[in-house]
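Here are my notes on this structure for you to read beside the model. Please take the points in order.

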Amino acid sequence: MRPIRPRDGLVLLALVAYASPFFWQALTSMRPDAELLPLTRLLPSHLTWVHYDVVFRQSLMPRALVNSLGIALLSTLLAVGLGALAAYALARLPVRGRGVILLAMIAATAFPQIATVSPLYLLMRALGLRDTWLALILANGSFALPLVIWLLTGFIREIPRALEEAAAVDGADRLATLRWVVLPLAAPGMASAALLAFLFSWNEFLFAYSFTASEASRTVPVALALFPGVFEVPWGDIAAASLLASLPPILIVVGFQRYLVRGLLAGALRE
Amino acid sequence: MSDRRLAWLLLSPALLVLGTLTVYPALWVLWLALQYRIPVFGISRWAGLEHFAFLAVDTRFWNAAWVTGVFTVASVALEGALGLAIAVALRGQRGGRRTALALLLLAWALPSVVTAKMFEWLYHPAGGLVNFLLGGRAINWLGDPAFALPSLILADVWRATPFVALLCYARLLTIPPDLYEAAEVDGAAGLQAFTRITWPLVRPILLVTLLFRTLDAIRAFDIMFVLTGGGPAGSTESLTVYAYRALFQTLQIGFGSAIGVVVFALVMLVAVLYLRVIGRQEAAA
């Protein structure tokens with residue numbers, strides 16, 4: 001780690017200020033109810049865990065966290081699993097219409113959810129999938145799939161062909177090469193694609209809000225948007241719930257930053 | 001197995017899923033937009049272009065189009081300016097880069113429903129930090145039609161600027177430092193170095209990024225739906241919120257789909273523009 005110069009410190013301080021809405025929410029989540037409304041002092045007299053206690057014991061958040069985590073993991077698995085196979089074909093095998101398929105993938109990443117939500121809703125209802133995990137796994141997974149295919153095609157192309165040719169000389173067939181040579185080498189790229197697919201599903205609101213009806217499948221953003229207040233809005237509890245909803249994104253920007261940045265750059269630059 | 005057959009075998013699961021859950025709905029919505037479809041009343045009949053004819057004279061639609069337009073232009077412009085400034089500041093960063101990026105990207109990675117809830121609380125007339133910092137005012141940021149849209153735009157700018165900053169920053173890192181040193185020797189520093197070196201090199205990326213952000217701003221839904229719900233008095237009701245309301249609150253599946261199709265068309269228009277810019281840049285490179 002390099003030493004922090006005064007100038008660097010100043011930039012860091014400015015970025016802390018930029019992130020302050022989040023820190024304020026963190027502080028609100030631990031501020032006693034009596035000091036929330038009206039706001040009379042910047043710092044609370046003491047910190048409390050009572051809002052987290054309420055969220056864990058009396059709200060739908062614990063169930064929503066389980067739903068969100070399961071749905072996000074499985075839709076990521078769907079997108080990356082199918083995406084990796086398709087990307088290998090597009091990157092390495094003779095595919096007629098490859099250009100058209102890749103162009104269609106870019107176009108599909110631009111699809112607005114609001115345009116496909118009504119047919120998808122009718123489709124899910126016809127399949128009897130309303131208010132199930134599967135509806136959201138399919139909707140989120142397929143929505144992330146074009147970007148995943150696009151990213152992984154690019155990443156696989158960067159792998160030197162010589163390695164695959166060497167494997168072929170050693171007698172490995174295509175599928176063995178894919179399994180033992182390409183996939184391991186594409187792992188960092190797959191991690192990037194998986195992180196983006198996971199974040200999309202974790203943060204997704206419109207599909208989840210439209211396709212769910214009960215706590216059986218309600219995700220964290222939906223639970224947060226519908227957070228109940230009996231007589232007044234429970235701002236402290238909402239702050240605690242939003243902190244919980246923020247944990248995976250925080251883990252990703254802190255712990256998996258390299259992969260996230262790589263995925264974002266490759267996804268946006270579309271070279 | 002031949003490579004050609006294997007290729008289709010590997011591609012077919014993905015294409016099957018995309019065909020069923022992306023392409024088919026995208027075509028179906030065009031069909032739905034041509035129907036009267038109100039399930040609660042058992043209404044289901046052909047409408048032709050009547051929904052679109054109605055939209056052409058629907059003041060609520062034009063208001064929503066205006067909101068989407070203002071939201072898109074203002075937030076994308078602000079995100080461009082602020083994102084570039086942050087990128088330039090980050091370029092000189094040597095220590096604490098990871099921390100800096102984590103602080104920056106946090107806003108981008110949060111669920112937009114969380115962002116909406118955070119800003120709802122920041123803007124609260126009596127409990128919000130904004131009024132507190134303004135010396136205890138009681139401005140109703142989200143309840144006043146004059147302030148609601150700007151407040152909403154600010155929340156979206158906070159959320160999306162990191163994306164612009166990151167892409168510009170990545171481009172700036174590829175500029176060799178000797179370029180700036182040589183400029184300094186020639187007496188060009190500060191603003192001149194920016195206009196002569198930084199700007200021409202970062203401009204293509206900035207343009208692509210902003211087109212990309214434009215797509216997202218036209219599609220934006222969560223933040224206005226949760227933060228203001230389109231209110232007050234429709235002052236923040238975008239096309240997406242109007243479409244959602246028609247689809248799931250008044251249950252006019254056909255009419256709501258027609259608004260969705262308009263959003264679809266707008267987005268595709270920008271996407272075509274985007275592909276052209278990329279194509280031109282590749283031709284120039």
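1. Start with burial. A residue is buried if 20 or more other C-beta atoms lie within 10 Å of its own, exposed if 12 or fewer, and partly exposed in between, with C-beta atoms placed from the backbone. Of the 285 residues of chain B, 46% count as buried. In chain A, buried residues make up 49% of 271.

2. A word on the source. This is a predicted model, where local features need pLDDT of at least 70, side-chain atom pairs count only at pLDDT 80 or more, and totals for chains, interfaces and linings use all residues. Residues are numbered from 1 along each chain as its sequence is written, while chains are lettered from A and ligands numbered from 1 in the order in which they are written.

3. Now the elements. Helices (H or I, at least four residues) and strands (E, at least two) are DSSP runs, numbered from the N terminus. Chain A has 14 helices and 0 strands. Chain B has 12 helices and 2 strands. Along the sequence, chain B reads α-β-β-α-α-α-α-α-α-α-α-α-α-α.

4. Look at the two strands of chain B. Strands pair if DSSP finds at least two bridges between them. E1 (residues 35-38) and E2 (residues 43-46) of chain B run antiparallel, joined by 4 bridges. Gln35(B) stands opposite Trp46(B) in E2(B). The two strands, E1(B) and E2(B), form a hairpin with 4 residues between them. In the turn, Gly42(B) has a positive phi of about 65 degrees.

5. Next, where the chains meet. Two residues are in contact if their C-beta atoms, placed from the backbone, lie within 7 Å. The contact takes 78 residues from chain A and 76 residues from chain B. Helix H1 (residues 3-32) of chain B gives the most to the chain B side, with 17 residues. By class, that side has 55 nonpolar, 14 polar and 7 charged residues. Here Ala, Val, Leu, Ile, Met, Phe, Trp, Tyr, Cys and Pro count as nonpolar, Asp, Glu, Lys and Arg as charged, and the others, Gly among them, as polar.

6. Finish with the core. A nonpolar core is a set of buried Ala, Val, Leu, Ile, Met, Phe, Trp, Tyr and Cys residues joined through C-beta atoms within 7 Å. The largest one has 174 residues. Among those with the most contacts inside it are Ala86(A), Leu152(A) and Leu105(B). What does Leu105(B) touch, not counting residues up to four places away in sequence? Leu105(B) touches Val253(A) and Leu260(A), plus Pro162(B) and Leu166(B).
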